[in-house]
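Keep the viewer open as you read.

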Amino acid sequence: MGERFRRLVIVSGVSGVELGRILDLARREFRVPVAKLEDYIEDEFHAPIYEAVELLLTSRQASLGRFRRALDSMLGSLRDNKAVVGVHLTYHRRNHIIPNPLLWGLVASAYEVYVILYIEDYYHALARIAERVLKGRTPGAFSNQPLDPLGYLYWRASDYATAFLLEGLGNVRVMVYGVKHSLEGHRRLLAYALDEPLGGLGRFKNIYVSHPITKVRARALESNGDLWSFEDCIDIERFKAELESRCGNVIVHSPTTVDELIVGRGDVLKSVIERRDRWPHPEVTLHEYTYPVDLTDPKFNELYNVSKTTASPGYMEALKAAIETQVESRDLAYVNQVDFVVAYRPTLYGTTHTGVEVEVEVAQALSKPVYSIIPEGDRVEAHPLRRYGITLKSEDSLYTLLKCSA
């Protein structure tokens with residue numbers, strides 16, 4: 001191994017995230033070398049990455065040497081003190097979750113490593129994968145290799161666990177980030193991870209915006225409302241956009257950039273996701289998003305047997321349970337990784353909201369400041385032991401307190 005990087009940023013995520021878009025953004029915005037490790041593995045094997053991974057299952061020792069040569073080749077091409085590398089932390093093959101055997105060598109190549117683990121809504125991720133298969137871009141990739149929504153979530157959970165295993169090495173910091181954050185948010189996060197200035201600013205603050213979700217969604221559903229035009233959703237998303245716009249040195253982490261717990265009447269998980277069902281996300285993002293996504297569409301038979309999975313009520317119930325556990329772990333990961341929390345209207349509708357209260361309590365237990373914006377109309381009688389940090393009446397008070405740089 002040659003001279004170590006001063007700072008290495010690893011961008012990762014399971015299939016469907018489309019790391020290429022993220023690498024293209026890094027390449028455009030920052031003058032550092034950018035590479036995708038899987039490209040070098042494919043060159044070494046003269047085969048698609050999924051075939052190379054399958055060889056790990058059938059001839060592991062022989063394959064490992066070729067994987068290592070791919071890593072050496074990539075590292076030799078990145079001649080700088082900083083770099084951005086796209087890599088899968090784990091692979092999914094024949095119902096196996098296979099850790100990438102090159103991770104330890106990759107992490108050892110730098111003094112400081114940031115791993116950004118990108119998360120995408122499972123339905124849009126699977127729709128992208130299915131489109132690639134239908135267009136013939138991945139021949140043979142899913143022959144006897146089913147990847148259904150529940151399997152996708154388990155794969156993503158394995159990625160999550162692997163990322164935090166790496167963090168135990170000491171020189172690694174992990175950041176979880178929803179792909180549906182704004183394009184500007186992605187630019188700022190990459191700048192932060194690379195320790196590079198952006199727009200004249202070089203010191204970024206990471207902020208998690210905690211706000212009511214479940215009761216807002218329930219009210220919209222009761223009124224048969226479209227979430228994108230529902231007044232309270234609009235107000236919450238307006239606040240996040242304004243925070244990002246007014247504070248050029250802030251990276252907003254938003255829980256609704258991953259929105260998978262989409263239920264209809266009877267609290268049943270929906271298999272057809274309409275745009276109106278999904279919590280609004282920024283319009284200017286890394287990807288374009290089309291709706292509806294029908295998980296029972298015959299095109300998904302390219303990935304999994306629709307009749308035995310998404311068309312089955314029992315399967316959808318199991319999928320819902322898996323989504324619920326990942327919502328909790330992901331939102332608390334956001335709280336853990338930011339500098340402080342902003343609770344926006346934590347007593348909306350004159351009531352408390354369990355998710356917001358848990359996030360505030362976790363933040364305070366971690367000694368992270370909490371700032372709350374509570375308009376007069378939202379106020380409720382507070383329990384002496386229930387606090388929302390520094391309570392502010394207006395957004396302008398928050399911007400003044402944060403000393404935001406435009």
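A disulfide here is a pair of cysteine sulfur atoms within 2.5 Å. Bear in mind that this is a predicted model. With that cut-off, cysteine 247 and cysteine 404 qualify, since their sulfur atoms sit 1.9 Å apart. A search through the whole structure turns up one disulfide.

So what does this bridge tie together? Cysteine 247 belongs to the loop between α10 (231-246) and β9 (250-253), and cysteine 404 to the segment after α13 (395-402), so the link joins parts that are 157 residues apart in sequence. The handedness follows from the S-S torsion of cysteine 247 and cysteine 404: at about 75 degrees, the disulfide is right-handed. Cysteine 247 is buried at 0% relative accessibility, while cysteine 404 is partly exposed at 22%. Another cysteine, cysteine 233, is buried too, with a relative accessible area of 0%.

**The chain as a whole**

Zooming out, the protein chain has 13 helices and 14 strands. Its radius of gyration is 22 Å, close to the 22 Å that the globule rule gives for 406 residues, so the chain is as compact as a globular protein of that length. Of the 406 residues, 54% count as buried. The accessible surface is about 17,700 Å², and carbon and sulfur atoms account for 50% of that. Looking at contacts between residues at least 6 apart in sequence, 77% join residues at least 24 apart.

**Rings and charges**

A pair of aromatic rings is described by the distance of the centres and the angle of the planes. The count of aromatic pairs comes to nine. Two of them are set out here.

| Aromatic pair | Centre to centre | Angle between planes | Geometry |
|---|---|---|---|
| Tyrosine 160 and phenylalanine 164 | 4.8 Å | 55 degrees | tilted |
| Tyrosine 208 and tyrosine 334 | 5.7 Å | 25 degrees | stacked |

Are tyrosine 208 and tyrosine 334 buried or exposed? Both are buried.

Arginines also turn up over rings. The charged end of arginine 66 sits over the ring of phenylalanine 45, 4.5 Å from the ring centre. Arginine 275 lies over the face of tryptophan 228, at 3.7 Å from the ring centre.

Arginine 345 is worth a look for its neighbours. You'll find arginine 345 in the loop between β12 (340-344) and α12 (354-365). At 17% relative accessibility, arginine 345 counts as buried, because the cut-off for buried is under 20%. Leaving aside residues up to four places away in sequence, arginine 345 touches Pro212, Asp232, Asp235, Ile373, Pro375 and Asp378.

Most residues other than glycine have a negative phi, and most peptide bonds are trans. Where does this chain go another way? Tyrosine 291 and proline 292 are joined by a cis peptide bond, with omega at about -5 degrees. Proline 292 lies in the loop between β10 (272-273) and β11 (293-294).

Then there are positive phi values in residues other than glycine. One belongs to tyrosine 349, with phi near 70 degrees. Tyrosine 349 sits in the loop between β12 and α12 and is partly exposed at 22% relative accessibility. Serine 367 also has a positive phi, near 60 degrees. You'll find serine 367 in the loop between α12 and β13 (370-373), and at 66% relative accessibility it counts as exposed.

Definitions and conventions: Residues are numbered from 1 along each chain as its sequence is written. This is a predicted model: local features need pLDDT of at least 70, side-chain atom pairs count only at pLDDT 80 or more; totals for chains, interfaces and linings use all residues. Side-chain values use heavy atoms; hydrogens and water are left out. Helices (H or I, at least four residues) and strands (E, at least two) are DSSP runs, numbered from the N terminus. Buried means under 20% relative accessible area, exposed over 50%, partly exposed in between (1.4 Å probe, protein chains only). Rings of Phe, Tyr and Trp (its six-membered ring) pair if their centres lie within 6.5 Å; planes under 30 degrees apart count as stacked, over 60 as edge-to-face and the rest as tilted. A charge sits over a ring if NZ of Lys or CZ of Arg is within 6 Å of the ring centre and within 35 degrees of the ring normal. The radius of gyration is taken over C-alpha atoms; the globule rule is 2.2 Å times the number of residues to the power 0.38. Contact means heavy atoms within 4.5 Å. Accessible areas come from the Shrake-Rupley method with a 1.4 Å probe; for residues, only the protein chains shown count as cover.
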